[in-house]
Amino acid sequence: PAEESRCLRFFGANYDRRPAYRTCVSIRTENGAKRVVKIADNRQAEDFIRELPLREQLAQSFFAGKATVVTGELDGTEMSYPHLEYPTLKELIGRAMAEDDWAAAQRLLDQYLQFVRGLPSHDCIPDKFLQEFEGASPTAGRTLRCLDCAPVHCIPVNIFVGPDGWHIIDSEWTLPFPMPVDFLIFRAIHALMHDLQFYIQK
């Protein structure tokens, strides 16, 4: 008989987000296989869940030939993803730090920087980005090197490193407008400094 679906771990909604973007994530076993399931935290967020396949398609197109984008299956207002058993890039950097192999940690960080800088990009004034993220007037901008779209969550914690390359998860914040390359690099380093502070202070 088929095994019943069981929840192994549950992550509640991030209440720093507006209600329309709040989601809950669980790790479940279904017929012996692990799945990551994302659901709306409230009725307002259901439209956001339904929009995720389009955002993941945008990410697939953007990262084509560079990395694999992990996509989900939409069932009503629920998105289901395969559970990856690979370590994340953040975990690998942390392991190197824990072993006092700072050269290896630096090499991994350099790989990430080269990856980001090798993504499709062009020079422009990121007007839409400034409006959405900075609340600034478009006239306040200047020409910057920008990624062709905005994969805001493409940071080391969301990159699984497998034998066949990098697998990117959490593409819900891949947005259809240019974003400064340096903004993504800043987000990545900021997150690493926060998450790996124990090793940094050592």
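1. Buried means under 20% relative accessible area, exposed means over 50%, and partly exposed lies in between, computed with a 1.4 Å probe on protein chains only. By this definition Asp 170 is partly exposed, because its relative accessible area is 23%.

2. This is a predicted model, in which local features need pLDDT of at least 70, side-chain atom pairs count only at pLDDT 80 or more, and totals for chains, interfaces and linings use all residues. Residues are numbered from 1 along each chain as its sequence is written, and side-chain values use heavy atoms, with hydrogens and water left out.

3. Helices (H or I, at least four residues) and strands (E, at least two) are DSSP runs, numbered from the N terminus. Asp 170 sits in the loop between β11 (165–168) and β12 (174–175). Although Asp 170 is not a glycine, it has a positive phi of about 60 degrees.

4. Asp 100 also deserves a remark: it is not a glycine, yet its phi is positive, at about 60 degrees. Asp 100 belongs to the loop between α2 (89–98) and α3 (102–117). With 52% relative accessibility, Asp 100 counts as exposed.

5. Ser 171 lies in the loop between β11 and β12. Ser 171 counts as buried because its relative accessibility is 4%. Leaving aside residues up to four places away in sequence, Ser 171 touches Arg 55, Glu 56, Ala 59 and Val 69, where contact means heavy atoms within 4.5 Å.

6. Side chains of opposite charge can pair when their charged atoms come close. A salt bridge is a side-chain nitrogen of Lys or Arg within 4 Å of a carboxyl oxygen of Asp or Glu. The whole structure contains 11 salt bridges.

7. Glu 172 and Lys 38 form a salt bridge, with their closest N and O atoms 2.6 Å apart. This pair links distant parts of the chain, 134 residues apart: Glu 172 is in the loop between β11 and β12, and Lys 38 is in strand β3 (residues 33–40). Glu 172 is buried at 3% relative accessibility, and Lys 38 is buried at 9%. A network of salt bridges links Arg 17, Lys 38, Asp 170 and Glu 172.

8. Helix α1 (residues 46–63) holds Asp 47 and Arg 50, which are about one helical turn apart because 3 residues separate them. Their side chains meet in a salt bridge (2.8 Å, N to O). Asp 47 is exposed at 54% relative accessible area, while Arg 50 is partly exposed at 39%.
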